[in-house]
Amino acid sequence: MAQVLVSQLINVPIDAVWPWVSDITKHAQWSPKHYSVELVSGVNGEVGSKYRSTGFVPPANKNHQNDVELTELVPKSKVVFTAHDDNGYFLNTFKLESVGQGTLVTFQHDFPKMKGAARILLPLLLPLTGKKEATTRLELLKVRAEGNRT
């Protein structure tokens, strides 16, 4: 199984980062790629809630859809959700840890066994583009969370 694992130190307490990570509908606001997320059932931020994300997936699908489900939520510590499409279930895990007066955010993205061309391309492209995109995503989260200081 392919995986991306990245971390980012954010210079604000967990209380300032948590709303950005725990609310899946806000994830598009700190993504390097344009996409949208909408709640389709349940209550936003509660385990079992379902969402639909729509956005760009290489090489050319601008309206790719994923069915997303929030599967685990440990307040101010961990958010886990799955995103499902024709390739299978992608597992997304965010862990938050207090470090001094800041927050260390670790993002782990586990891919299913891919099908077709993606099965060949993913191992080649993931180290080049996947890790870079995940790192950029956490850098944008840092900008958002630090920009909301009071």
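1. Let's start at Thr-82, which is found in strand E5 (residues 78-85). Strands here are DSSP runs of E with at least two residues, helices are runs of H or I with at least four, and both are numbered from the N terminus. Thr-82 has a relative accessibility of 15%, so it counts as buried; the cut-offs are under 20% relative accessible area for buried, over 50% for exposed and partly exposed in between, with a 1.4 Å probe and protein chains only. Leaving out residues up to four places away in sequence, Thr-82 touches Asp-67, Val-68, Glu-69, Thr-71, Tyr-89, Phe-90 and Leu-91. Touching means a contact, with heavy atoms within 4.5 Å.

2. Before you go on, keep in mind that this is a predicted model, where local features need pLDDT of at least 70, side-chain atom pairs count only at pLDDT 80 or more, and totals for chains, interfaces and linings use all residues. Residues are numbered from 1 along each chain as its sequence is written, and side-chain values use heavy atoms, with hydrogens and water left out.

3. How far can you trust it? The pLDDT, the predictor's confidence in each residue from 0 to 100, averages 89 for the protein, and 85% of the residues score at least 70. Helix H1 (residues 14-22) has the highest confidence, at a mean of 97, while helix H2 (residues 116-147) has the lowest, at 81.

4. Now the overall layout. The protein has 2 helices and 7 strands, and along the sequence they follow the pattern β-α-β-β-β-β-β-β-α. Of the 150 residues, 39% are buried. Among contacts with a separation of 6 or more, 47% are between residues 24 or more positions apart.

5. Have a look at the aromatic rings next. Rings of Phe, Tyr and Trp (its six-membered ring) pair if their centres lie within 6.5 Å; planes under 30 degrees apart are stacked, over 60 edge-to-face and the rest tilted. That rule gives 3 aromatic pairs. Why is the pair of Trp-30 and Phe-94 called edge-to-face? Their ring centres are 5.7 Å apart and their planes stand at 80 degrees, so the pair gets that label. Trp-30 lies in the loop between H1 and strand E2 (35-41) and Phe-94 in strand E6 (residues 88-99), so the pair ties together parts that are 64 residues apart in sequence.

6. Phe-94 has another partner, Phe-107: this pair is stacked, with 4.5 Å centre to centre and 20 degrees between the planes. Phe-107 belongs to strand E7 (residues 102-110), and the two are 13 residues apart. For Phe-94 the value is 1%. Trp-30, Phe-81, Phe-94 and Phe-107 form one aromatic cluster.

7. A charge also meets a ring: the charged end of Lys-26 sits over the ring of Trp-20, 4.9 Å from its centre. The test asks for NZ of Lys or CZ of Arg within 6 Å of the ring centre and within 35 degrees of the ring normal.

8. Last stop, Val-37 in strand E2. Val-37 counts as buried because its relative accessibility is 16%. Not counting residues up to four places away in sequence, Val-37 touches Ile-24, Thr-25, Tyr-51, Arg-52 and Ser-53.
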